[in-house]
Amino acid sequence: MKSLSFFIILFSFLGWNIVSSKDILAEKNYIEEEVTDGGNIVGSVKYMGDLAMLKLDLYGGWELTDTSKNASEKLIASRINNGLKYAVISITNIAKGKKRLIPKTHPIIDQQRSNFIPHVIAILAGTTIDILNGDEELHTVHTRTIKNQPFNLGTTYRQRISRKFDYPEIIKLSCDIHKHAYAWIVILDNPYFDITDRNGYFEICDIPAGTYKLNVWHEELGNIEKEVTVYPKKITNVGFVYSQN
Amino acid sequence: MKPKVLLDKVGLWSATVVASTALILGVAPMTAKAINVPTAVTEDGKNTYKKYCSPCHGEEGKGDGPLARSMLPKPRDFTRGAYKFRTTPSGSLPTDEDIFRTISYGVPNSTMIPWDILTEQQRASIIPVLKSFSEAFEVRKPEPPVNVGLEIRPSEKSLAEGKKIYEEKLECWKCHGVEGRGDGPSAAEQEDDFGFPIKPFDFTTGKFKGGNSDRDVYLRFTTGLNGTPMPSFAKELTDEQRWCLTHYVMSLIKPEETCK
């Protein structure tokens, strides 16, 4: 009898542990379920501003310094259809949906020629990111966060730093030695998000039918929000446009 | 057993007990210098903070007190939970002892004086007040302090090794300058997490902000200084290399300039 009660206590304790650890990791308002007849959102983000300055070759083909070569990554738009690269689209008010799959292979941010590649990365809360150094010189990786553990580490050639991000936040990752170099890590609490490609296109799949708020974040141009209705097994088209002012 | 032998035995045992009690009592305050840090914010702590700390650090701990304007380096903004001088790894929150140490010893080369004019109890009572300013302390817990390895002796070999790290491997000179005067090529553009300009440390002054012992300097490379561009090199350097760098940095102190 004694041993039985001991085991009951032990298992209840273990069970409580599992429950509580899940509580910390998963967003409390988000319920995971199988989505069988979900709809998709497909669309594009455009920047209708003046990009002439970025392409103007003031140096007439002369070799530029690294700093001026790298400076333009904060606003990249396609010449063909004005599609905006590196905008993060996410559904902000979804209560339940597909499983939060945390990738087992860690996403990578590399530092090459004193620049972070990719410039913007969007991940699910709880994902671990590997930060590499591909240059044969010293870099630092520095974040300034409050909820996620901040860090500031010196890295030399071939160093690999793994960090886990547990809370939704937009983090700027920078190198203090090369002031122009920085990257953005956008951490989101549900799996419905995407980053636009170089033509400004994005796609979010398997969304349960309903009306949602769709949010676009871009580091230079800020946020845009739109309401979108998703129908089962149908594709909804959405277009976002950033005008110059 | 004869009564005399018994008496001897009792005497021996009682002497041992008395001696060991005395030893324990005597040693205890030395080893575990018990600072009683209250777990919650106390009225005493609030008053002490308001009277002695808030003129610079601000009533809400934002580092914006009425005297802060004229200061550089700026008083610490506690809302981010970024503390420079810690024994915990980079980015981690400080332990209570770390905060207590900084309050007690102050920060040389800045306007933070050693607050040993306050009683130990008063200093300890401020700690929960500082923690209450930042939500970081609610979400995260300080990580365990880093392991300080066995110190190696400063020798010509270790100094040469330290110099190599300083000049080639980590390129410390880029900010701190070749002679350690804080005048490297990247020195001018550095700023801290709060957007204020910050000067790389001038080693020649010899007044290290986090303390002057070898161990303190060693800890700065290992833990980094949160909230500043100074990173942690815990992953980059082995324990021995960090000691070499410590000795090299200490060798950059120019006493004749400091005495002025």
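B:Pro73 lies in the loop between H2 and H3 of chain B. The model is predicted, and local features need pLDDT of at least 70, side-chain atom pairs count only at pLDDT 80 or more, and totals for chains, interfaces and linings use all residues. Residues are numbered from 1 along each chain as its sequence is written, while chains are lettered from A and ligands numbered from 1 in the order in which they are written.

Chain A also has a cis peptide bond, from A:Ile117 to A:Pro118, with omega near -5°. A:Pro118 sits in the loop between strand S6 (115–117) and strand S7 (120–124) of chain A.

Chain B contains 10 helices and 0 strands. Its order along the sequence is α-α-α-α-α-α-α-α-α-α. Chain A, by comparison, has 3 helices and 18 strands.

A residue is called buried if 20 or more other C-beta atoms lie within 10 Å of its own, exposed if 12 or fewer do, and partly exposed in between, with the C-beta atoms placed from the backbone. Of the 260 residues in chain B, 37% are buried. In chain A, which has 245 residues, 32% count as buried.

Two residues are in contact if their C-beta atoms, placed from the backbone, lie within 7 Å. Among the contacts in chain B between residues at least 6 apart in sequence, 62% join residues at least 24 apart. For chain A, residues 24 or more positions apart account for 68% of the contacts with a separation of 6 or more.

Within chain B, helix H3 (residues 96–105) and helix H4 (residues 120–132) have axes that come within 10 Å and cross at roughly 120°. This angle makes H3(B) oblique to H4(B). Axes here are lines fitted to C-alpha atoms, for helices over the stretch in contact, and angles run from 0 to 180 degrees between N-to-C directions. Angles under 35 degrees count as roughly parallel, over 145 as roughly antiparallel, 65 to 115 as roughly perpendicular, and the rest as oblique.

H3(B) passes H4(B) in a right-handed crossing. A crossing is right-handed if the near helix is turned clockwise from the far one by less than a right angle, and left-handed if anticlockwise. On H3(B) the contact is made by B:Asp96, B:Ile99, B:Phe100, B:Ile103 and B:Ser104, and on H4(B) by B:Arg123, B:Ala124, B:Ile126, B:Ile127 and B:Leu130. By class, this contact has 7 nonpolar, 1 polar and 2 charged residues. Ala, Val, Leu, Ile, Met, Phe, Trp, Tyr, Cys and Pro count as nonpolar, Asp, Glu, Lys and Arg as charged, and the others, Gly among them, as polar. An α-helix has 3.6 residues a turn, so residues three or four places apart point the same way.

The buried residues of H4(B) include B:Ser125, B:Pro128, B:Val129 and B:Lys131. The buried residues of this helix pack against helix H2 (43–57), H3 and helix H5 (136–139) of chain B.

Further along chain B, helix H8 (residues 214–223) and helix H9 (residues 239–251) pack at an angle of about 120°, with their axes 9 Å apart. That makes H8(B) oblique to H9(B). The crossing of H8(B) and H9(B) is right-handed. Among the residues that meet are B:Val217 and B:Phe221 in H8(B) and B:Trp243 and B:Leu245 in H9(B). The contact of H8(B) with H9(B) has 7 nonpolar, 2 polar and 2 charged residues.

The two chains also touch each other. Their contact takes 19 residues from chain A and 25 residues from chain B. On the side of chain A that touches chain B, strand S9 (139–142) and strand S10 (152–155) are the elements that give two or more residues. S10(A) provides the largest share of that side, 4 residues. The residues of this side of chain A divide into 7 nonpolar, 8 polar and 4 charged.

Two loop residues remain. A:Arg158 has phi near 65°, a positive value in a residue other than glycine. A:Arg158 is placed in the loop between S10 and strand S11 (160–165) of chain A, and is exposed, with 10 other C-beta atoms within 10 Å. B:Asn109 has a positive phi of about 65° although it is not a glycine. B:Asn109 is in the loop between H3 and H4 of chain B and counts as partly exposed, with 13 C-beta neighbours inside 10 Å.
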